[in-house]
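Subject: Structure handover

Hello,

Here is the structure I promised to pass on. Please open it and keep it beside this note while you read.

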Amino acid sequence: MNNSRIWSIVIFAAAVLIFGLSWIIIGSQAGHNLTDAFLVTVAAFLTLSILSFLYKDNPYYKFAEHLFVGVSAAYWMSVGFWSTFVGNLLPRISPSLCTYFGVPYKGFDIFFFIPLILGVFLLMRLSSKMGWLSRWSLAFIVGTTAGLNLIRYLRSDFISQVSNTFVPLVTDWRGIGPFFSDFSLSITGQFAMSLSNWVIFVGVFCGLIYFFFSKEHKGAFGYASRMGIWVLMITFGASFGYTVMGRVSLLVGRLTFLFHDWLGLVK
Amino acid sequence: MNKWGLIISLTIIAAGLLYLFIKSIRGRDVERRFIFLFMGLAVAVPILFNISFSEKATPIVKAAFDKIENLPPGSKILISFDYDPAMAPEVNPMTDAFVRHAMAKGHRVYFMNLWATGQPMVATAIDRIIKTEFPEKKNGVDYVNLGYKAGGTGVLNVIITDIRKMYLTDVNGINLDSLPIMNGIRSLRDMDLLISVGGGLPGVKEWVLFAGDPGHIPVVGGCAAVSAPLLYPYYPNQLMGLLGGIKGAAEYESELKRKYPRFAETPQPGIKMMGPQTMAHLVIMAFIIFGNISYFVLKSRGE
Amino acid sequence: MKRQVPVIITFIVGAVLIVSVFFPPAERLGENFSVFFDIIAVFAFFLGGGNLIRIHGNKIYRRQKDWAFSAVTLTGFIVMLAAGLFKIANPNGITGDVAATGSLFQTLYYNIFYPLGSTMYALLAFYVASASYRAFRAKNKEATILLIAAFIILLGRTPLGVYATGWVPESFSLLQIPNLAIWIMSSPNLAGQRAIMIGIALGVISMSLRLILGVERTYLGVDNE
């Protein structure tokens with residue numbers, strides 16, 4: 001028996017021992033039963049299995065990863081089936097199935113065979129001979145997405161955004177005298193507010209110039225493009241900061257689970 | 001705050017950083033597993049010692065709070081749980097705070113999901129918050145759980161004009177027409193406020209594009225930190241307020257506690273998580289500095 | 001038949017949904033198409049499940065490398081699917097919420113799906129930390145700007161920022177790190193995100209038009225597929 005096999009057995013035995021003990025100890029505590037203890041132990045085992053990838057890829061991680069894929073697919077299927085298939089399709093096509101599943105029947109509507117047929121066509125993707133039929137369903141999905149997105153993006157992400165960019169470049173203007181006499185670097189002051197509006201107006205304009213590739217970025221256009229890059233760099237920096245924040249929060253969440261729910265070390 | 005816990009945490013972090021600093025000024029490589037271990041400790045130790053800090057709401061969070069606070073009692077608020085377990089530690093404190101606030105203020109709350117993975121979290125929030133902290137509130141009268149529907153933006157495109165076309169029953173199979181809370185509700189346009197808590201697609205952005213803007217309905221968002229910067233262009237004209245990441249949740253909790261002393265003793269997961277979060281930020285900032293020191297040391301040596 | 005019909009379907013559906021925004025009589029048709037879309041989306045979930053069974057079933061049948069893990073995937077899939085479709089241990093029976101408290105489906109969700117999903121993403125915290133040390137370098141002006149912005153956000157979004165610059169007087173409050181972080185988010189970040197947003201919107205609009213008009217057909221794949 002080689003060294004790595006021995007280690008594998010030792011680690012497996014240790015894992016069985018630790019999690020077995022955890023189950024018994026938690027289950028024997030007041031306010032817990034063996035089922036709860038088993039479930040929290042399983043959750044802890046899966047959490048640690050995923051974290052073990054930090055050391056290196058290993059069978060425990062692979063086990064957890066593969067389990068996640070299976071459970072995840074089944075989860076979406078089950079909820080989709082009950083919420084939309086039973087909740088929206090059956091009430092329009094089958095009174096007897098509605099009675100069986102306990103959902104109100106809304107009257108027969110022949111048009112609801114369209115999504116049923118297209119849905120079945122989509123499943124034809126699994127067949128090598130009839131796979132082309134799934135293009136019809138895909139075409140419906142693509143057409144709906146395109147039709148829905150076109151107007152909404154035009155209104156909210158283009159027209160509204162352009163409109164919101166035209167902001168007063170000097171806010172709360174009461175003349176040149178008060179501007180200097182009341183000058184401050186307060187976050188709510190006139191200078192900071194005006195500066196913000198300048199940055200928004202110029203920043204959006206320069207950012208768009210950077211994305212405009214039909215003209216060579218030279219001269220004044222080049223300077224504007226360069227400024228656009230700086231604005232985008234600040235944007236990416238802010239995004240990085242927030243990404244760090246988000247990922248750390250998830251880790252805090254998992255470690256809190258281990259220390260609080262599993263080990264009971266913190267209240 | 002646990003003073004000794006803070007001292008121990010800072011000592012461990014300082015010791016690790018000192019080791020890293022020495023390695024950096026010598027331009028030596030640091031084993032990636034050391035960085036992983038150190039990061040784990042920087043987060044774990046503050047959790048063990050319950051380290052937390054006080055928070056103050058920033059304008060964008062305050063705007064979200066005020067929007068709910070200033071609605072007259074009995075207003076109709078729709079809260080959509082559009083997230084999965086991968087975002088839950090960040091955004092669950094937000095949904096908890098929104099639900100508490102809406103219930104305390106006496107609003108009527110309509111729950112729904114655009115993510116299938118959010119459905120069990122609504123059931124848990126109802127059990128954990130409404131049924132225990134607000135036992136007088138009745139299902140179907142003060143709140144209703146509409147549940148999940150597949151299709152994302154397709155769902156929004158229907159319920160913006162006709163909720164019953166999409167939702168025939170609530171999540172428990174009860175006909176919507178038999179629920180008093182649904183009287184007079186035809187579409188999303190009958191809602192006084194839409195709250196989306198999420199971080200992916202569909203999420204807050206889709207609520208603005210497919211419901212808020214076309215229906216002229218106020219939208220407030222809560223989102224995972226990763227997507228918060230992307231939503232700033234909508235604020236304040238298209239999005240009334242935004243809670244970005246756990247920091248946003250903590251700020252909302254502090255505002256809620258300040259305004260409603262009854263919540264002083266209720267769990268504040270957002271505020272609690274900001275302790276380890278702060279320590280981790282400290283470590284990451286140190287990593288950036290030391291990484292750059294190492295880079296410039298190597299550069300000066302011509303390596 | 002194989003290529004023309006899908007292009008016609010895309011055109012009709014897309015055009016109806018656009019017209020329904022401007023022309024109220026077409027609104028009901030637009031709603032119906034959206035409901036159809038939602039129902040077809042569920043079949044896409046079924047397709048995902050079917051594909052999963054096919055790939056992992058094949059792997060087990062042929063005893064390919066790591067086939068035992070495929071068995072884990074299929075076992076997890078079948079158990080979760082049975083719990084969901086048959087609403088096992090659901091307190092309200094067949095009519096109740098599939099994820100009702102006490103159901104096997106919810107139990108599996110909170111004790112298997114939830115820890116796996118959230119830990120998978122929590123792993124990224126470690127890699128972000130590693131990247132901060134190894135890759136986040138002030139190599140040029142642009143990288144330095146990015147780095148400084150990230151640094152201010154990281155500092156400003158924690159109580160550390162308050163302690164570090166709390167002494168700065170109120171008349172200079174813009175220079176307090178938390179306020180500077182707020183300002184970065186609501187000014188330069190907003191400007192940059194808005195420029196990107198406008199660019200993406202133009203892309204979405206033109207792509208939607210190309211799809212509806214049948215100019216863009218790559219989604220149909222190739223005929224010998």
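A salt bridge is a side-chain nitrogen of Lys or Arg within 4 Å of a carboxyl oxygen of Asp or Glu. Keep that in mind for what follows. Also note that this is a predicted model.

**Salt bridges**

Over all chains, the structure holds 23 salt bridges. Side chains of opposite charge can pair when their charged atoms come close.

Start with E255(B) and R258(B). Their side chains form a salt bridge, with N and O 2.5 Å apart. Both residues sit in helix α10 (residues 245-259) of chain B. They are three residues apart, so about one helical turn separates them. R258(B) is exposed, at 55% relative accessible area.

There is also a network to look for. Salt bridges with shared partners connect E55(B), K247(B), E251(B) and R157(C).

Next, go to helix α3 (residues 59-69) of chain B. D66(B) and K62(B) both lie there, four residues apart, or about one turn of the helix. A salt bridge joins their side chains at 3.2 Å, N to O. D66(B) is partly exposed, with 25% relative accessibility. K62(B) is partly exposed too, at 29%.

R128(B) is partly exposed at 38%, whereas D96(B) is buried at 6%.

**Chain B as a whole**

Now zoom out. Chain B has eleven helices and six strands. Its C-alpha trace spans about 75 × 40 × 30 Å along the principal axes. The chain has 303 residues, and 67% of them count as buried. It exposes about 9900 Å², with carbon and sulfur atoms supplying 59% of that area.

Look at the contacts as well. Take those in chain B between residues at least 6 apart in sequence: 76% of them join residues at least 24 apart.

Best wishes

Methods: Residues are numbered from 1 along each chain as its sequence is written. Chains are lettered from A and ligands numbered from 1 in the order in which they are written. This is a predicted model: local features need pLDDT of at least 70, side-chain atom pairs count only at pLDDT 80 or more; totals for chains, interfaces and linings use all residues. Side-chain values use heavy atoms; hydrogens and water are left out. Helices (H or I, at least four residues) and strands (E, at least two) are DSSP runs, numbered from the N terminus. Buried means under 20% relative accessible area, exposed over 50%, partly exposed in between (1.4 Å probe, protein chains only). Contact means heavy atoms within 4.5 Å. Accessible areas come from the Shrake-Rupley method with a 1.4 Å probe; for residues, only the protein chains shown count as cover.
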